[in-house]
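This report walks through strand pairing, disulfides, salt bridges and model confidence. Keep the sequence and the coordinates at hand.

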Amino acid sequence: MKSTNRFAQLTLVAASAMLLTACGGGGGDGSSAPVIGQNGAVDVNTVALPAGQTCGVGNYAQALLAAINNARAQARSCGGQAYAAAPAMGWNSLLTQAAVGHSTDMASKGFFSHTGSDGRGYSQRIESTGYSGFPSEVLSNPQGTHSAAGQIIPQSMASWLASPGHCAAIMDPALTEIGSACVKSGSKAYVTVDLGG
């Protein structure tokens with residue numbers, strides 16, 4: 001009887017490991033950091049987005065990535081779920097391409113949603129760029145005085161960290177890279193951050 005129980009336990013452990021591997025889980029220790037030049041990964045210091053994709057924020061990519069990595073460097077609770085400090089993320093041009101398209105879509109059509117005007121969700125938008133990896137997305141819509149260039153990143157970070165789902169995405173150690181854009185329409189800013197790992 002003991003050997004049957006031990007065999008069942010080993011089978012369960014092996015099956016669990018296969019499931020984690022198949023769904024992209026399990027390796028959240030930061031050891032699989034993106035390699036520059038592969039799957040859209042780029043050195044953030046080489047990124048210079050057009051002003052229309054940054055809401056006028058100077059060094060938008062570098063400033064946003066630094067803010068997200070500063071948040072990830074601290075353990076925190078997201079909606080009651082404890083998260084340990086997570087490894088720093090990198091910048092990705094394919095994720096940026098998906099984010100630019102979505103922020104532009106929201107700003108030009110005046111809506112705010114993870115679903116685009118064409119009915120596609122973030123997974124479909126990200127996959128359409130050729131990005132291969134587990135996707136996620138966080139959005140922010142600063143308005144009025146909060147949409148001033150100097151307020152967009154701090155205001156967005158505050159709203160994301162206050163939202164359990166967005167906070168969890170930012171703190172997820174399995175997500176290792178981001179791409180983002182901010183497009184303005186009047187006094188509203190439409191910020192999309194697409195994440196992958």
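## Strand pairing around E7

Strand E6 (residues 177-185) and E7 run antiparallel, joined by nine bridges. This is a predicted model. Ser185 stands opposite Lys188 in E7. The hairpin of E6 and E7 has two residues between the strands. Gly186 takes a positive phi there, near 65°.

E7 also pairs with E5. The two run antiparallel, with six bridges between them. Leu139 has Thr192 in E7 as its bridge partner. How much of strand E7 (residues 188-196) is covered? Eight of its nine residues are buried, so the strand is mostly covered. In a regular strand, side chains alternate between the two faces of the sheet.

## Disulfides

The structure holds two disulfides. With bonded cysteines counted along the chain, they follow the pattern 1-4, 2-3. Such a link is a covalent bond between the sulfur atoms of two cysteines.

Cys55 and Cys182 form one of them, with sulfur atoms 2.0 Å apart. The torsion about their S-S bond is about -90°, so this disulfide is left-handed. The pair links distant parts of the chain, 127 residues apart. Cys55 sits in the loop between strand E1 (41-42) and helix H2 (60-72), while Cys182 belongs to strand E6. Cys55 and Cys182 are buried.

Cys78 is joined to Cys167, with an S to S distance of 2.0 Å. Here the torsion about the S-S bond is about -55°, so the disulfide is left-handed. Cys78 lies in strand E2 (residues 76-78) and Cys167 in helix H6 (residues 164-171), so the pair ties together parts that are 89 residues apart in sequence. Both Cys78 and Cys167 are buried.

## Salt bridges

How many salt bridges does a search of the whole structure find? It finds three. Side chains of opposite charge can pair when their charged atoms come close.

Glu137 forms a salt bridge with Arg125, and their closest N and O atoms are 2.8 Å apart. This pair links distant parts of the chain: Glu137 is in strand E5 (residues 135-140), Arg125 in helix H4 (residues 122-127), and they are twelve residues apart. Are Glu137 and Arg125 buried or exposed? Both are buried.

Lys109 forms a salt bridge with Asp105, the closest N and O atoms being 3.3 Å apart. Both residues belong to helix H3 (residues 93-109). They are four residues apart, so about one helical turn separates Lys109 from Asp105. Their accessibilities fall in opposite classes. Lys109 counts as exposed, at 53% relative accessibility. Asp105 is buried, because its relative accessible area is 12%, under the 20% limit.

Asp118 and Arg120 meet through their side chains in a salt bridge, at 2.9 Å from N to O. Arg120 counts as partly exposed, at 30% relative accessibility.

## Confidence

The mean pLDDT of the protein is 86. A value of 70 or more is reached by 84% of its residues. Which stretch has a pLDDT below 50? Residues 1-31 do. Beyond near neighbours in sequence, this stretch has seven contacts in the model. Where pLDDT is low, the predicted coordinates should not be read in detail.

How values were computed
Residues numbered from 1 in each chain as written. Predicted model: local features only at pLDDT ≥ 70, side-chain atom pairs only at ≥ 80, totals over all residues. Heavy atoms only, no water. Salt bridge = Lys/Arg side-chain N within 4 Å of Asp/Glu carboxyl O. Buried < 20%, exposed > 50% of the residue type's maximum accessible area, 1.4 Å probe, protein only. Pairing = 2+ DSSP bridges. pLDDT = per-residue confidence, 0-100. Contact = heavy atoms within 4.5 Å. Disulfide = S-S within 2.5 Å.
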